[in-house]
Amino acid sequence: MNRRNAGVLCLMLLAAAGGYWYARIGTVQAAVQNRVFEIRTYTAAEGKLNELHARFRDNTLRIFQKHGMTSVAYWSPMDEPLSKNTLIYVLAFPNRDAAKKSWDEFQNDPEWQKVRKESEANGRLVTKAESVFVEPADYSPLK
């Protein structure tokens with residue numbers, strides 16, 4: 001799958017999540033109209049995808065939450081070659097400044113540093129990380 005198709009896939013996944021989240025946010029929607037979303041795509045090192053999922057499942061989501069990072073959704077591509085090495089997820093932030101602050105705090109968190117070091121004792125889990133910040137279109141059900 002080429003980059004363009006992967007980008008389209010990410011946007012389609014975000015749109016699907018939007019329907020779900022629109023139903024959940026109801027009256028909160030007005031309070032979060034300026035939110036920004038970050039679509040992140042990680043390419044796992046050879047044979048390390050399950051370990052990457054475990055790190056997210058067991059630690060990363062909790063540490064994200066501690067730093068004000070709202071997890072919207074996490075996806076595993078179904079088709080090869082991405083199904084063998086790719087994790088795609090979306091985070092929400094009140095604005096870009098909050099995103100930067102949260103990421104800085106997360107990267108400097110001693111608990112995260114320990115988790116990362118322990119999980120990478122046998123080599124790095126991620127060989128490539130891509131990030132795209134997006135904002136909802138004016139007609140998007142998810143804001």
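Is Glu130 buried, exposed or partly exposed? Glu130 is partly exposed, with a relative accessible area of 29%. Please keep in mind as you look around that this is a predicted model. The mean pLDDT of the chain is 87, and 77% of its residues reach 70 or more. The stretch to treat with care is residues 26-31, where the pLDDT is below 50. Beyond near neighbours in sequence, residues 26-31 have 3 contacts in the model. Where pLDDT is low, the predicted coordinates should not be read in detail.

**Salt bridges**

- The structure holds 12 salt bridges, and a few of them are picked out below. Side chains of opposite charge can pair when their charged atoms come close.
- Glu130 has Lys128 as a salt-bridge partner, with 3.3 Å between the closest N and O atoms. Lys128 is partly exposed at 35% relative accessibility, and Glu130 is partly exposed at 29%.
- Glu80 and Lys84 form a salt bridge through their side chains, at 3.6 Å from N to O. Glu80 is exposed, with 58% relative accessibility, and Lys84 is exposed too, with a relative accessible area of 56%.
- In helix α3 (residues 96-108), Asp104 and Lys100 lie 4 residues apart, about one turn of the helix. Their side chains meet in a salt bridge of 2.9 Å, N to O. An α-helix has 3.6 residues a turn, so residues three or four places apart point the same way.
- Within that pair, Asp104 is partly exposed at 36% relative accessible area, whereas Lys100 is exposed at 55%.
- A network of salt bridges links Arg62, Lys66, Asp109 and Glu111.

**Aromatic pairs**

- A search of the whole structure finds 12 aromatic pairs. A pair of aromatic rings is described by the distance of the centres and the angle of the planes.
- For Phe64 and Trp103, the ring centres are 5.6 Å apart and the planes stand at 75 degrees; planes over 60 degrees apart count as edge-to-face, so this pair is edge-to-face.
- Phe64 belongs to helix α2 (residues 49-66) and Trp103 to helix α3, so their pair ties together parts that are 39 residues apart in sequence.
- Because Phe93 lies in strand β3 (residues 86-93) and Phe133 in strand β4 (residues 126-134), the pair ties together parts that are 40 residues apart in sequence. Phe93 is buried, with a relative accessible area of 1%, while Phe133 is partly exposed at 27%.
- Ring pairs also build a cluster from Tyr42, Phe56, Phe64, Tyr74, Tyr89, Trp103, Phe106 and Trp112.

**Around Phe133 and Val36**

- The ring of Phe133 has the charged end of Arg96 sitting over it, 4.0 Å from the ring centre.
- Arg96 and Phe133 are also among the residues that Val36 touches, not counting residues up to four places away in sequence. The other contacts of Val36 counted this way include Leu91, Ala92, Phe93, Pro94, Asn95 and Val134.
- Val36 is found in strand β1 (residues 36-44), and Val36 is buried, with a relative accessible area of 11%.
- Val36 and Ala98 are 62 residues apart along the chain, and their C-alpha atoms are separated by 9.5 Å.

**The two sides of helix α4**

- Which residues of helix α4 (residues 110-119) are buried? They are Trp112, Val115 and Ser119.
- On the face of α4 turned away from its buried side, you will find the exposed residues Pro110, Lys114, Lys117 and Glu118.

Technical notes
Residues numbered from 1 in each chain as written. Predicted model: local features only at pLDDT ≥ 70, side-chain atom pairs only at ≥ 80, totals over all residues. Heavy atoms only, no water. Salt bridge = Lys/Arg side-chain N within 4 Å of Asp/Glu carboxyl O. Buried < 20%, exposed > 50% of the residue type's maximum accessible area, 1.4 Å probe, protein only. pLDDT = per-residue confidence, 0-100. Contact = heavy atoms within 4.5 Å. Phe/Tyr/Trp six-rings, centres within 6.5 Å; stacked < 30°, edge-to-face > 60°. Lys NZ or Arg CZ within 6 Å of the ring centre and 35° of its normal.
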